[in-house]
Amino acid sequence: MDALLDRARALFTLYTRDGNPKTFRQARFAAFAAEGATRFSGIPSQLAEAQWLYGHVCLVGVQRGHADADALAKAELRLREVVEGAATPASLRSTGVDALAGVLLARHEETGDVAYLRDMRAMITRALVTLPEGADADRVMFQSHLGVAETALAWSTDDAALAVGAARRLQEALALAPEGSPEFTVIAAQAANAARVAAQLRGMTPGEREAIDTLVEDARRAVAAAERLDSDDTLDVLGPGAPYLHLCNALCQRFDAHRDREDLAEAERQVGRALTLVPEGNTARPVYLMTRGSVAVRRYLSFDGPAGSTREDAGAHLDRAVADLLEAERLLPASAPGRSQYLGNLVRVFQLRYQHDLLRTDDLREAIRWAEEAVAGSGGTATAAVPLLNLCVVRVLAYQQAFHPFTRAVSPPEAALTDAVGSIARALRELPDGHPAVANAHMIRGQLFEEVFRRSSREADLDTALDAYAVAARHPGGSLLIRGIAAESGGLLALRRGRSDTATVLLSLAVELLEAMTEPTLLGWHSRADHVEQFGGLAGQACAAYLEAGRPEEALAVLDRGRSLLLAPVWGLASRATALPEKDLQLYREAVWSSFRADQAAEAEQVTLAPRPLDPPPSPGPSRARPTAPTATGSGGAYTDAREHRRAAGRILAAHGSRLAPADVDVKALSSQLGDSAVVALNVTALRADALIVTSGGVDALSLPRLMPEAVERYAARLQVATDARDEESLDVLDEITRWLWDDLAAPVLERLAPLGPNRVRWVPSGPLCLLPLHAAGHHGVAPGAGTTPDTVLDRVVSSYSATLRTLARDLTRPTEPVGPALLVAPGSSGQMGPVSVPAPLFDGPQALRLPETEAVAEAVLAALPGRAVVHFACHGTSDASNPVTSALQLAAGDWLPFVSVARTDLSAARLAFLAACETALSGDRFADEALNMASAFQLAGFPHVIGTLWKVYGDATDSVARTVYAEIAGGASPALALHRAVLELRAAQADSGADLGPLAWAPFLHLGV
């Protein structure tokens, strides 16, 4: 008997190590033979051990894909005898409970029958009651099995309270498990998964950032434990890839809440790692395939490929998702639990592939077929939510497709509408009111009835659409993104249909939600930028709505509130962060800083669209060195890891949320500070174009009916081409643009201002207007009539710009005279510029500092900035419209000063920054409302006066302008007036030179600030 048992033990041990199917068959036969021999002639304890060996080898065989469901049934019978047998030794009984728990869980996974889970729960509860004192290892094992059983039971029965209890139980078991042991690794993964399930069942709202971060960190801890163990041995029913799978799911949950692309990139890596650990044929493999497919869907939805990427590149994510999900469905038994979730993902990917190519109506039919099957097979609310929403979406698509002129209708229009309405009604009926999916369902209802109204023109259909959008936008459980989309969609619909009061409510709510989505401690730079780009022009539409409602002051406030969302929080302009206690303020600032670099590494490591999704991207070729992100050394904060910064800031936001609420500009206070000057905020939308004029008398809205958005975009694009080409044709283009700007914009504004007599105008443009030289508007080269002023802005007012009204209001209340210690940064030949001539007086004082040649490096510049009143940069600049975070000033020896690096510098003494570099005031059209350029960055950072350029400057024009500016300042002129006079002088010199280049030569120079 002993020899047979020894052989069975040895083969089972060998099988757990080599995973060879042949070894499995040998081990099972050896256990079977030992059982037969001991049953008839052995002692009961030997029989129990043989049965345990047979049951355990079958369980491992099923997990590795080497045994079928029949083997599980046989294993269950034998292990029940072990657990319930009176003669079974106590030590063997405990391991029997362990193995039987795994078998019962596997049988539930196979059949979907919750009776197996209830049986497992009852068995382990009995085992815990009878466990003797001191059996700590068994107690940990039983607690973990009980937590797993309760997690699965909670998911199957939609019992959020049970899931919360299961998560707590697993955390208690984890606290008792020896760290570094196999048990600790398994329980850590199970605890992370239980917490995620509990969060999903109770409808965790995206605002619970710390709780969501905890889910991710718990899962990350489980992965770390698994890697320290460095073994493929596992007790988890999902196999050795379970920790990586749970981390992937947690990251996806956080991505869905906050859209941080860093999370998605890491999720893709983690599920790829997990799949390498799960062999073909493993019964858990469909779970891994479904997860990888869902990650691919998210990659498609957030696709932002490299330059040259095509629609086919984006669609490749969908093709991979379809392949993974179809394979998962093929491997999955028809009665498997959670099958509706697999089908729901399959529906989603077929739906997206149809929307990617509307001619693929077969994909829409497949989506409807799978959606109906998924809803029919769904269980509790947690599993039913996704199938119900998917069915709603594809039914709405079928209604839209019924009117497609080039494809055969999937369903007649009337039937399609009835089906869509019924599907949405069912979803709203079956989902609890607080469930996050309710917001989605209401938004889908809004989209459906907006489409119906477009065809029917019935006011009742419009009312239904607007009500649905409003409910979705206000739903507290919905994700910020869904709520934001619903608010914007409903607001724009109301605005187009003349319902301005409804439009103001919804669009201002959308701006508020966008602010929450771009909170800098929540996401990295690129993810925040994605949100800003997705909701591009939102503030302008909200402004137009308020103007339609006759509320110009609120129009001005909401327009300003929606600008510079990416940069303003860095310097406390969009929030009251400066009111925080000093310790918390420092952590908040450090967290904000880390957000500018947090997802840079992930961006660099993003998986390419190669056939092998886990291949790393190719190494970049040689190129001129330039910054890819802020890289200042030494954070100076309490943490060195970006995630630690963000977690700390999350706790700060939770504690001080009301003190960090965005603050609108006080329009009345601003008006009282203007004296005889004016502020002109410009807004152009498809509905209307306006100038919001702020003077000491208040706010006046001036309609600009001739200013069309198409013309603004066209001229902005033509200006970019012309200033790059700098040829004879460019002169004609500049002349055409400046004439158009005068006729359609500047002339009406200055005519309205004429009775007030202001000689100073501060322009606050929005959208593509930010790319145009408003200060150069006019009919240049046309002699004025006797006693009249030329039709040019330059000859009538002193112009300045401002990134936001908030910045302007801040600087109007502080000293701004450009006096005090000065800093000259002049890389010279080491910066590939050649000799630089800068007037000496301001930079030769005892407190002045010059950083010439090789001394002009980023570290020295950042160290010298604090306490400097006047800073002059004589160097090259670079601006990347597609990735503004890399815009920078080129210093010595190939070093760069990225514009966000200034964010961490004390600029309380700042007065004037003269950026004598090319394109320092040029923003890209991708983020025109964000004023992302070097000049506006210095203004936002604290300089009340900034002089920059819109395009490359001719010859020594910069030196000429600088000499005049500093001479005028020495004579008492303000920087704005000094630059105005310098540009007039340059214009005159150009006219007398015989080679007059017109605005192309003098118009690039502009002033930002007070």
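This is a predicted model: local features need pLDDT of at least 70, side-chain atom pairs count only at pLDDT 80 or more; totals for chains, interfaces and linings use all residues.
**Nonpolar cores**

The largest nonpolar core holds 128 residues, and the members touching the most others are Tyr288, Val349, Val394, Leu448, Leu556 and Leu692. Helix H17, spanning residues 381-401, contributes the most to this core, with eleven residues. Another core of 101 residues lies apart from it and includes Val749, Leu794, Leu912 and Trp951. Within the largest core, Val349 has contacts with Val297, Leu318, Ala321, Val322 and Leu325, when residues up to four places away in sequence are not counted. In soluble globular proteins, nonpolar side chains tend to be buried together.

Helix H24 (residues 538-548) is mostly covered, since nine of its eleven residues are buried. These are Leu538, Ala539, Gly540, Ala542, Cys543, Ala544, Ala545, Tyr546 and Leu547. The elements covering them include helices H21 (480-496), H22 (500-517) and H25 (552-561), together with strands S1 (678-684), S2 (689-695) and S3 (698-703). After H24 comes Gly550, which has a positive phi near 75°.

Glu548, by contrast, counts as partly exposed because its relative accessibility is 40%. Glu548 forms a salt bridge with Arg688. This pair links distant parts of the chain, as Glu548 belongs to helix H24 and Arg688 to the loop between S1 and S2, 140 residues apart.

**Salt bridges**

Across the whole structure, a search finds 46 salt bridges. Side chains of opposite charge can pair when their charged atoms come close. Three of the pairs are listed below with the distance between their closest N and O atoms.

| Pair | N to O distance |
|---|---|
| Arg169 and Glu150 | 3.1 Å |
| Glu548 and Arg688 | 2.7 Å |
| Asp560 and Arg806 | 3.0 Å |

Arg169 counts as partly exposed because its relative accessibility is 23%, whereas Glu150 is buried, with a relative accessible area of 4%.

The side chains of Asp560 and Arg806 also meet in a salt bridge. Asp560 lies in helix H25 and Arg806 in helix H32 (residues 805-811), and the pair links distant parts of the chain, 246 residues apart. Asp560 counts as buried at 3% relative accessibility, and Arg806 counts as buried at 9%.

Technical notes
Residues are numbered from 1 along each chain as its sequence is written. Side-chain values use heavy atoms; hydrogens and water are left out. A nonpolar core is a set of buried Ala, Val, Leu, Ile, Met, Phe, Trp, Tyr and Cys residues joined through side-chain atoms within 4.5 Å. Buried means under 20% relative accessible area, exposed over 50%, partly exposed in between (1.4 Å probe, protein chains only). Helices (H or I, at least four residues) and strands (E, at least two) are DSSP runs, numbered from the N terminus. Contact means heavy atoms within 4.5 Å. A salt bridge is a side-chain nitrogen of Lys or Arg within 4 Å of a carboxyl oxygen of Asp or Glu.
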